[in-house]
Amino acid sequence: MKKVICFLFVLALIGGIAHASSHEFFKGKTIRLVIGNSTGGAMDDWGRFVAQHLGRHIPGNPEILVQNMPGAGAIVAANYIYNIAKPDGLTLGLVNPANYTDQLLGAKEVKFDWPKFSWIGSPERIDQVLFIRTDVPYKTLDEMRNAKDPPRCAALARAGLGYLLPRLFEEALGVKLNMVLGYGGGGEMNLAIEKGEVHCRAGTVSAYVGREPTRTWIKNGVVRAITQSGTKRYPKLPDVPTLYELMDTYKSPDAIKRVARVLLSSGEHGRPFIAPPALPADRVKLLRDAFNKAMTDPALIADAQKRKWDLDPLTGEEIEATAKEIMVQPPEVIEGMKKLLEN
């Protein structure tokens, strides 16, 4: 009996030491937040916004500095977090929530295993909206379907909902779009629309209605929304049909509907804050707890309201569950995804 008590005492002591060590680790340290997009877009805005508030909820109150690492639709940043960053909690990442599609499709650039990231949390779910300049010569979906000169749509790369929503729009509804790839982030794509280099792009619904320049563009009639990716219409865009509604209206094949559900599930990853896969469990929990506390912090909420941003947080556990589920797909869905993305 005495041996059992001593054993339990030692376990408790070790646990207490580890707990204290984890809580004291961040004191006087600096956390680096690696964002997989360039500056000026919604992903960068959210990263810098969360970085301003997260540190004070982490024991030791570490400073959080932001580093942009754009490239290959955020695969460069994801590879860095997975393979190079030390798993000590001092490097976090914010990456493309649809990078799992690159792994499902066997992209050679992918050097990570999506479910194995340490998932910290997200400040919002991210449904997308496809919008277009109002000065294009077609005003209805049927006119777009018959256009001789298809509109040019901007995207980062062949990944992410910013690319996938327009491609699904094409494939499911028979609309031709000329995709222009290689932009570093939302800021660059908005500038391209403003200059007339491109006519359309997809972006998050919350950014479209709540941030500049699109908020002013909507007010002045510069752009209009065509479709959105959620299963339900976003409350602030009640007149814009979802892609699911349009697929039903235009009787899209069941095969493309199944592919759409897989690809659009990236919205359930939100804007994922991640850490390296080998981060100790107690430190993952500490960072998740800090993130959750930050999302309910009156100061953060007031700051978001001042910016007219909508919060709809996801916990690290929720994102982890989605990440594991989404990676198990039948061969016919994978083939459908390949066909969609290769064309």
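This is a predicted model: local features need pLDDT of at least 70, side-chain atom pairs count only at pLDDT 80 or more; totals for chains, interfaces and linings use all residues.
Colleague: Which residues of helix α14 are buried?

Modeller: Helix α14 spans residues 316-326. Its buried residues are Gly-316, Ile-319, Thr-322, Ala-323 and Ile-326.

Colleague: How do you know where on the helix the buried residues of α14 fall?

Modeller: Look down the axis of α14. Its buried residues fall within an arc of 130 degrees, so they line one face of the helix.

Colleague: Now the rings. How many aromatic pairs does a search of the whole structure find?

Modeller: The search finds 13.

Colleague: What makes the pair of Tyr-82 and Phe-117 edge-to-face or stacked?

Modeller: Planes over 60 degrees apart count as edge-to-face. The planes of Tyr-82 and Phe-117 are at 85 degrees, with the ring centres 5.2 Å apart, so this pair is edge-to-face.

Colleague: Why does this pair tie parts together?

Modeller: Tyr-82 lies in helix α3 (residues 75-83), but Phe-117 is in the loop between α4 and β4, so the pair joins parts 35 residues apart in sequence. Both Tyr-82 and Phe-117 are buried.

Colleague: And what is the pair of Phe-273 and Phe-291 called, and why?

Modeller: Stacked needs under 30 degrees, edge-to-face over 60, and the rest count as tilted. The planes of Phe-273 and Phe-291 are at 50 degrees and the centres are 5.4 Å apart, so the pair is tilted. Phe-273 belongs to strand β10 (residues 273-275) and Phe-291 to helix α12, 18 residues apart.

Colleague: What lies over the face of Trp-309 at 3.9 Å from the ring centre?

Modeller: Arg-211 does. The charged end of Arg-307 also sits over the ring of Trp-309, 5.0 Å from its centre.

Colleague: Last, the largest pocket. How much space lies in it?

Modeller: About 470 Å³. It is lined by 34 residues, and the closest to its centre are Ala-42, Arg-201, Gly-203, Thr-204 and Arg-271.

Colleague: Which element supplies the largest share of the lining of the largest pocket?

Modeller: Strand β8, with four residues.

Methods: Residues are numbered from 1 along each chain as its sequence is written. Side-chain values use heavy atoms; hydrogens and water are left out. Buried means under 20% relative accessible area, exposed over 50%, partly exposed in between (1.4 Å probe, protein chains only). Helices (H or I, at least four residues) and strands (E, at least two) are DSSP runs, numbered from the N terminus. The arc is that of the directions from the helix axis to the C-beta atoms. Rings of Phe, Tyr and Trp (its six-membered ring) pair if their centres lie within 6.5 Å; planes under 30 degrees apart count as stacked, over 60 as edge-to-face and the rest as tilted. A charge sits over a ring if NZ of Lys or CZ of Arg is within 6 Å of the ring centre and within 35 degrees of the ring normal. On a 1 Å grid over the protein atoms alone, a cavity is a set of points where a 1.4 Å probe fits but cannot get out, and a pocket is an open set with protein on both sides within 12 Å along at least five of seven lines; lining residues have an atom within 4 Å of a point. Grid points are joined across faces, edges and corners, and a volume is the space filled by probe spheres set on the points.
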